[in-house]
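Please work through the exercises below with the structure at hand.

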Amino acid sequence: MTASGKPKHAATVILLRPGETRGFEVFLTRRPDGMPFLGGMYCYPGGTVSKEDCAAAMVSRTVGRTPKEARQIIGAAFTPTQAIGLWVAAVREVFEEVGVLLAADSAGAKMSMISERAGRLIQHHHEVSEKRLSFAALLQREQLYCDLASLSHFSSWQTPAQFAMRFDTRFFLAALPQGQIPLPTSYEVAHSVWLTPDRAMQLFTRGELPMIFPTFASLRTLADFETLESVLRQFDLAK
């Protein structure tokens, strides 16, 4: 089958947390079998960049990185607005798929997850999933901004030309915010699991954790790090 056009821009987020005993773990989600792209595969939360992600109203709800800075990292093939839209899409998608919100106040202070806000975000997630509330409107209600400083660009992968459905995907790293727990399932997540990179690769080798090569390659890179702190330092996410 021959691709009919250019690949769509997409963003995905590798969430990290400290391991239960040592090291660190990554959050992997299994897409429902019926999904037209990566159905039945384990991957990271993510999706296609939308026009709204690049809109001025949405960009105004961001802190931690300017459009110019985003373009310097992503590359000159993107306009500043397109570049920052990738970061916005990453923040939006990880909330839509697993309910984790990478947000801060207007001064860049990390969002505090008090019980009242946690309850509201559960309701907001339902509203966003049902398209009764836009992501920008959610941020406005909570007086929050996309915390782009919480994301570090990790890698990029493009679907081969022979595939009909193609994506040019930017992978980002982010530490799981304190006080937040990803949803175990959602409309785009059939199953989810926290695993060390080594364990995930072992399960893949045994045929128990199906994934495509970019997912495996990212795990292989992360497996070279012993601690979460070392990963965060390497990718300029250390506090």
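The exercises that follow concern a predicted model, and they treat ring pairs, pockets, the nonpolar core and backbone angles in turn.

**Exercise 1. Classify the ring pair formed by Trp-157 and Phe-213, and locate both residues.**

Solution. 

Step 1. A pair of aromatic rings is described by the distance of the centres and the angle of the planes.

Step 2. The cut-off used here is an angle over 60 degrees.

Step 3. Trp-157 belongs to strand 8 (residues 152-158) and Phe-213 to helix 8 (residues 213-222), so the pair ties together parts 56 residues apart in sequence.

Step 4. Trp-157 has a relative accessibility of 30% and therefore counts as partly exposed. Phe-213, at 53%, counts as exposed, because the limit for that class is over 50%.

**Exercise 2. Determine how the rings of Phe-204 and Phe-216 are arranged.**

Solution. 

Step 1. The ring centres of Phe-204 and Phe-216 are 5.2 Å apart and their planes are at 45°, so the pair is tilted. Planes under 30 degrees apart would count as stacked, and those over 60 as edge-to-face.

Step 2. Phe-204 lies in helix 7 (residues 197-205) and Phe-216 in helix 8, and the two residues, 12 residues apart, link distant parts of the chain.

Step 3. Phe-204 is partly exposed, with a relative accessible area of 31%. Phe-216 also counts as partly exposed, at 21%.

**Exercise 3. Which residues are linked into a cluster by ring pairs, and over which ring does the charged end of Arg-61 sit?**

Solution. 

Step 1. The cluster consists of Phe-154, Phe-225 and Phe-235, which are linked by ring pairs.

Step 2. The charged end of Arg-61 sits over the ring of Tyr-145, at 4.1 Å from the centre of that ring.

**Exercise 4. Describe the largest pocket by its volume, its lining and the classes of its residues.**

Solution. 

Step 1. The volume of the largest pocket is about 920 Å³.

Step 2. Its lining comprises 37 residues, and those nearest the pocket centre are Phe-37, Leu-38, Thr-159, Phe-167 and Thr-169.

Step 3. Two or more lining residues come from each of strand 1 (8-18), strand 4 (46-48), strand 8, strand 9 (167-175) and helix 8. Strand 1 gives the most, with 4 residues.

Step 4. By class, the lining of the largest pocket has 20 nonpolar, 11 polar and 6 charged residues.

**Exercise 5. How many residues has the largest nonpolar core, and which element gives the most to it?**

Solution. 

Step 1. In soluble globular proteins, nonpolar side chains tend to be buried together.

Step 2. The largest nonpolar core of this model has 43 residues, and the most contacts inside it belong to Leu-15, Leu-101, Phe-135, Leu-138, Leu-139 and Leu-151.

Step 3. Among the elements that supply at least two residues of this core are strand 1, helix 3 (67-74) and strand 9. Helix 4 gives the most, with 11 residues.

**Exercise 6. Locate Lys-131 and Asp-236, and state whether each is buried or exposed.**

Solution. 

Step 1. Lys-131 has a positive phi, near 60°, although this residue is not a glycine. Lys-131 is found in the loop between helix 5 and helix 6.

Step 2. The relative accessible area of Lys-131 is 77%, so this residue is exposed.

Step 3. Asp-236 is placed in the segment after helix 9 (228-234).

Step 4. At 68% relative accessibility, Asp-236 counts as exposed.

Definitions and conventions. Residues numbered from 1 in each chain as written. Predicted model: local features only at pLDDT ≥ 70, side-chain atom pairs only at ≥ 80, totals over all residues. Heavy atoms only, no water. Phe/Tyr/Trp six-rings, centres within 6.5 Å; stacked < 30°, edge-to-face > 60°. Buried < 20%, exposed > 50% of the residue type's maximum accessible area, 1.4 Å probe, protein only. Lys NZ or Arg CZ within 6 Å of the ring centre and 35° of its normal. 1 Å grid on protein atoms, 1.4 Å probe; cavity = no way out; pocket = protein on both sides within 12 Å on 5 of 7 lines; lining within 4 Å. Points joined across faces, edges and corners; volume = space filled by probe spheres on them. Nonpolar A, V, L, I, M, F, W, Y, C, P; charged D, E, K, R; others polar. Core = buried A, V, L, I, M, F, W, Y, C linked by side-chain atoms within 4.5 Å.
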